[in-house]
Amino acid sequence: EKTHMSDARLTVAMLTEVFHDDPGGERLLTRLEEARTAGAELAVLPELPLNSWCPASRNTADADAEPPGGARQQIMSQTARRAGIGLLGGAIVRDPETGTRHNTAILYDLSGQQLATYRKLHLPQEEGFWEASHYQAGSEPPGPIAGFAMPIGVQVCSDVNRPEGTLLLGTQGTGAVFVPRATPPESYARWRVVLQANAVTAAVYVVSVNRTDSDSVVPIGGPSVAIAPDGEVMVETTDPVACVTLSGKAVEAARREYPGYLPVRADLYARAWAGIARE
């Protein structure tokens, strides 16, 4: 039976930790079990959680990527199933036909079945974040994903700095947007502003989980954060596991109130964007 948004409640665990040094997945499993014991139905990992931060260098390695269903994906699927919790993870997935690589967020249900994938759209190319050297940008916009108490959406890190994706998800009925990321501590204040603005203007929860890389040559770290549809920061933490409960009533309230009720005017903006695309 379909749940109305106003009745929906979803408890989410933010796992501010990476697992590239956990080849068997036992530490990941422990964290997922901890999250499930705390009442979480979905755990969200940082960007590329089972990889070391390879974009620190322009140099690529075959071992950084894997085919669909590869070793890292198997670990995520199996640990989600064993812990009995939904899981949003990710990997650099290599297309078996073309050989192209994409930074791919992967969503699993509590039985470990893959529900959806999403390819990162906006790739940095700067010191410590040479991402365009490691994978190609995705070509499909984000969309709502069913399978949990409310429709959810996924973006990856830099994607949120182009707010169209978050607004698109909110307009399509998504209640929460999850944003795995890998960002330096000194830039967190700017990320916080962007994430809050996206939550308010799209009338959605925004939950962003950051990496902690003590052994990376690039300083990556700083808080994970959960933001309500009215812009309130609900949780801001560097704890390895932190839970937050999302309420469909808050989403509906934000959509009734300013600025949520403003028309999207999709046709108007589509015409303008189409002109820019032609140029």
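Reader: How many bridges join β12 to strand β13?

Author: In this predicted model, strand β13 covers residues 233–237 and runs antiparallel to β12. β12 and β13 form a hairpin with five residues between them, and G231 in that turn has a positive phi of about 95 degrees. As for the bridges that join β12 to β13, their number is four.

Reader: Are the two faces of strand β12 covered or uncovered?

Author: Strand β12 spans residues 224–227, with S224 and A226 on one side and V225 and I227 on the other. These residues are all buried, so by the cut-off of under 20% relative accessible area both faces of β12 are covered.

Reader: Why does R211 count as buried?

Author: R211 has its place in the loop between β11 and β12. The side chain of R211 has a polar atom that lies 2.9 Å from the backbone oxygen of E47, and a polar atom 3.0 Å from the backbone oxygen of N51. Buried means under 20% relative accessible area, and R211 counts as buried because its relative accessibility is 0%.

Reader: At what distance from the ring centre of W130 does R58 lie?

Author: The structure also holds two aromatic pairs. R58 lies over the face of W130, and its distance from the ring centre is 3.6 Å.

Methods:
Residues numbered from 1 in each chain as written. Predicted model: local features only at pLDDT ≥ 70, side-chain atom pairs only at ≥ 80, totals over all residues. Heavy atoms only, no water. Phe/Tyr/Trp six-rings, centres within 6.5 Å; stacked < 30°, edge-to-face > 60°. Lys NZ or Arg CZ within 6 Å of the ring centre and 35° of its normal. Buried < 20%, exposed > 50% of the residue type's maximum accessible area, 1.4 Å probe, protein only. Pairing = 2+ DSSP bridges. Polar contact = N/O pair within 3.5 Å; in protein donor to acceptor, adjacent residues only side chain to side chain.
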